[in-house]
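This briefing goes through selected features of one structure, grouped by topic. Please look at the sequence and the model first.

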Amino acid sequence: MAYVQYASGRTKLPFNTSNVTITNDGSLGVAGTIYLSIQGENRVGRNKNSVLVPVTLTATSKLSITIPPLLNSEDWQNVIVSASLTNDVNTLTQIVKVNVADIGIPLILSSERIFKLTLNDRTVANASSLPLAPEYGLIRYVAALNYYYEYDKFSTKVPDGLNVLSATVGRWYRVASSDTYISDTTLPGGCDRDIRTPDLKVTIPDYPVDGSKGAGVVYWMRNDYTEVIPSGTRVSTIVKLYEEDRSQLFSGLIVLELLGYVNLTTTVLDTSVSSGEILFDPNKRHLTLTEDLPSGHAAVVRVSPKFRIEHLGNVVPFGAKLSVNLQFVGTTGVYSPGVFGNVIYAEYDKWRIVPELGLSCRKLKGSGIVDRYELNAIGEDSITGLIPQTAAQYIYLTSNSTAFSNTSNDLESAVIRAVVGTVDGEGIATSYGNITVNSTSKVGITIYYPTDIRSNYPDTTIAGVSKGVFNASSVIFYLKSGSAYYRSEKVISPGALVDTFKLDWIDFTASSLPTVAANFGLYKPTSVSTTVIAEASSFSTTTYEVFVAFKYINTVTTIDHSVSQLVETIANLAEILDSISTQWFTGSGVPSSGLGINNDLYLNTTNSDIYKKVNDTWTLVASIKGQTGASPTLSIAAVNSVSPTTPANVTLGGTQLAPTLTFNIPQGIQGEAATMQVGSVSTGTPSVTNSGTTDAAILDFVLPAGIPGAAGTVSVGTVTALNPNQSPTVANGGTGNAAVLNFGLPRSPAFTVGSVTTGASGSNASVINAGTNGDIVLNFTIPQGAAGTLSATSSVSLIPSTSPSTASNVIGVFADSTNNRLKYRLQNNGLVHALATTSLPQQYDGVQGINIQNITFSTTLSVDLSLSNTYSLTLNNDVSSFDTINLKQATYIFLIKQDSTGGRIISGYSSKFKFPNGTVPTLSSAANKTDMLTCISDGTSLYCTLTPGF
């Protein structure tokens, strides 16, 4: 789903013991452990409670709470501080609030009013019993009215005796309860509620209606779908006055801003997708998503008023409630009557067409006007299903932002952007220098594949553009000697950025360099390097010029934007219209004939005459200077005192000739109450001295000394041994005058060895206490020593003997004295076996198996001959290349099997394969038949015979 909510922030705010400081210079009046928590509060509710932080208080404690900094993506109006007598979030109740503007200032709590955490403690008899200057966010229950009330120091609402109660500064307003526990932020009381929720209570900021841009309200337009909301999607805005749609009335008077995209999980704000301010116009101008809005993110939109009361025709009273509804609407263009022609604005990638893999191309992001509909920030789109081997397929754009292809060039329902071709073929071959080879060398070529369309592509609209996808399927190599050309083709490794090819003379066939149209093939290699590889080859000593080209199969091979029916402009529509608007000139006297062009205007600053240039002649059309008026008399009507939070203002009254001024001047804010604390207490002549200030008194007391008492006695009572991990104790078992001290002293810990275990060789030794701190039991792990090794210079000598005796965990190796053969005997005096020796004939007691390697391949085959002597190949395609690596002097057998189709051939044996009389044998063609290719290798070549038809 997708819905709109008032901006909030993280699910929980961070809060821990480092945010709380306790000192002993307050008067909180409570003793014991209190659990604290904080929450963010936006315009409709709160986020989840933070972790509980326990604090231990006394009656003279003072708390200092530092609210952690907020993220730039968060939009909280207040941070609520809650408390509980138990370690349970369900029992939290609000004690105070911190306005977001004061978050950088530590919150000091020292009054006994704060921690009234039970209903009985926070109940007052009637409204007159409420505190006169309470802390912001304090809550009390008024028994006479049977409601809870919260103190708001900023409120100036008119008291009504029930919903709003008076205070010296600010107001008490009715709330449902003091509980702050939130389990789900989308439910009542939570901060993430849909703005369409009926009867949703919203804290609305006041606006002075002075023409300035107001603080505005920030909304999160959520994407809770699993797919993106595409760029170009518009934000529909409806402005309501008393729930009636008055969007037309507020046209041009509301500022809309896209501030970015916020991640709903991490609350990180991406401002790179933000857009500038636009003035609200319900008919022509809308906010538009500049990029795709990912799932789990929200577009952050700020709506701000910017008008004076007269702009609304004096139909909107002061204190009126405005509301805004936002929603995503499709990317259908905005109808722009009076605009003719199809244009593309000079922003983003201008809807250019670039290649993709296969039979598809991509329309890039852009804005413009299509068939009189304005489309803004329409994102990229793939055009698939192109017809193969077709020279001209037209890419069309529609007024609802879609794109498609068609072979016709005269459709009336859409506008052509480009024409593409999909004919197979080779691109232009480029020379990369000369190389000299002979029979002891091969040609090595390294190619770096491109990401940019070639810079010399004839369609300069996309030449050098990096947004396309390299779509060639193979590389063509040409070697030129004199006037003769020789061609070789190699498949490009899928997804590779670079390929290196090793080429022998047998890889080439005589050819010619084809003539290619300048616009065929959109890519050329980023770079090509050649090298001589020292390896036997079929080359004769020759110097060749190397050419490289790309081959394209079933993909886009040409693109041409010259057929586009859309014109690329250097500006957007508003800038274009501004550029042709009338120009004003000013000067002293009549304008000169050579100044300006037709429709320009001129103001004569001497006499305020206005001229307009028509048919190349300046013509007087009006004067803006009025008649001289009578001199007015100004008087002061009244000077009024208003509440401290009301802004000062001056009202103009009277008449034009006898204006009067009425001044409303706010009272000063009531000062904070003075504090008093006890300083020092000493003995002497009685006195009290203030060592502080008049606002923060510190009283130092001097009190008379008491009468001396009788001398006391001290004796030792008992001495008790305690466990080693206990702290020493001393207790008075006597009286104040005759003390008997009983001592508890910890004994020394006892040490014993537990287990000793052998660890793995090379591991660390360890000691673990398996007992307690008082009775220590040490378990040791000691690593086994490392096994001995033989180096390259080491040797072992065996004296010939008869079979040795072997234990249950020993295998004996010995040299048999009867024949000097190396043998081994199994454990428990088991069987004796001879070890194989390459210089002697071998006799095997059992069957010797072979390791048949199954080879998986497609159309090219390269077999690693270091893996086995026997290989099984199942042909499911014709094989164009059959080569080997890691060739040894050995015998190799290849079982070549036809699949269930049959008829597969191998056409590309490498030069290593040698056949009788140089004739390549023919494989059995019947389905599921197996041929056996037996080869003996001298380490360089494979001498092979084929036994067919199994």
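In strand 27, Gly366, Gly368 and Val370 point one way, Ser367 and Ile369 point the other way, and all are buried, where buried means under 20% relative accessible area, exposed over 50% and partly exposed in between (1.4 Å probe, protein chains only). This is a predicted model, in which local features need pLDDT of at least 70 and side-chain atom pairs count only at pLDDT 80 or more, while totals for chains, interfaces and linings use all residues. Residues are numbered from 1 along each chain as its sequence is written, and side-chain values use heavy atoms, with hydrogens and water left out.

**Strand 27 and its partners**

- Strand 27 covers residues 366-370 and is mostly covered, with five of its five residues buried; helices (H or I, at least four residues) and strands (E, at least two) are DSSP runs, numbered from the N terminus.
- Strand 24 (residues 343-344) runs antiparallel to strand 27 and is joined to it by two bridges; two strands pair if DSSP finds at least two bridges between them.
- In that pairing, Val343 stands opposite Ile369 of strand 27.
- Strand 28 (residues 373-378) is also antiparallel to strand 27, through four bridges, and its Ile378 stands opposite Gly366.
- The hairpin of strand 27 and strand 28 has two residues between the strands, and Asp371 there takes a positive phi near 55 degrees.

- Strands in the order 57-59-58 make an open sheet with mixed pairing.
- Strand 57 (750-759) and strand 58 (766-769) are at the edges, each with a single partner strand, so one side of each has no neighbour in the sheet.
- Neighbouring strands of this sheet are turned by 20 degrees against each other on average, direction ignored; axes are lines fitted to C-alpha atoms, for helices over the stretch in contact, and angles run from 0 to 180 degrees between N-to-C directions.
- Eight bridges pair strand 57 with strand 59 (residues 775-783) in the parallel sense, and Thr752 stands opposite Val777 in strand 59.

**Cysteines**

- How many disulfides does a search of the whole structure find? The search finds one, a disulfide being a pair of cysteine sulfur atoms within 2.5 Å.
- Cys935 and Cys944 form this link, with their sulfur atoms 2.1 Å apart.
- The link of Cys935 and Cys944 is right-handed, with 115 degrees about the S-S bond.
- Cys935 counts as buried because its relative accessibility is 0%, and Cys944 counts as buried at 2%.
- Cys191, at 1% relative accessibility, counts as buried, and so does Cys361, at 0%.

**Aromatic rings and charges**

- A search of the whole structure finds 27 aromatic pairs; rings of Phe, Tyr and Trp (its six-membered ring) pair if their centres lie within 6.5 Å, and planes under 30 degrees apart count as stacked, over 60 as edge-to-face and the rest as tilted.
- One aromatic cluster is formed by Tyr871, Phe882, Phe894, Tyr909, Phe913 and Phe915.
- The charged end of Arg174 sits over the ring of Tyr147, 4.0 Å from its centre; this requires NZ of Lys or CZ of Arg within 6 Å of the ring centre and within 35 degrees of the ring normal.
- Lys153 has its charged end over the ring of Tyr136, 5.3 Å from the ring centre.

**Thr870**

- Thr870 lies in strand 65 (residues 870-875) and counts as buried because its relative accessibility is 9%.
- Leaving aside neighbours within four places in sequence, Thr870 is in contact (heavy atoms within 4.5 Å) with Ile850, Asn851, Ile852, Gln853 and Ile893.
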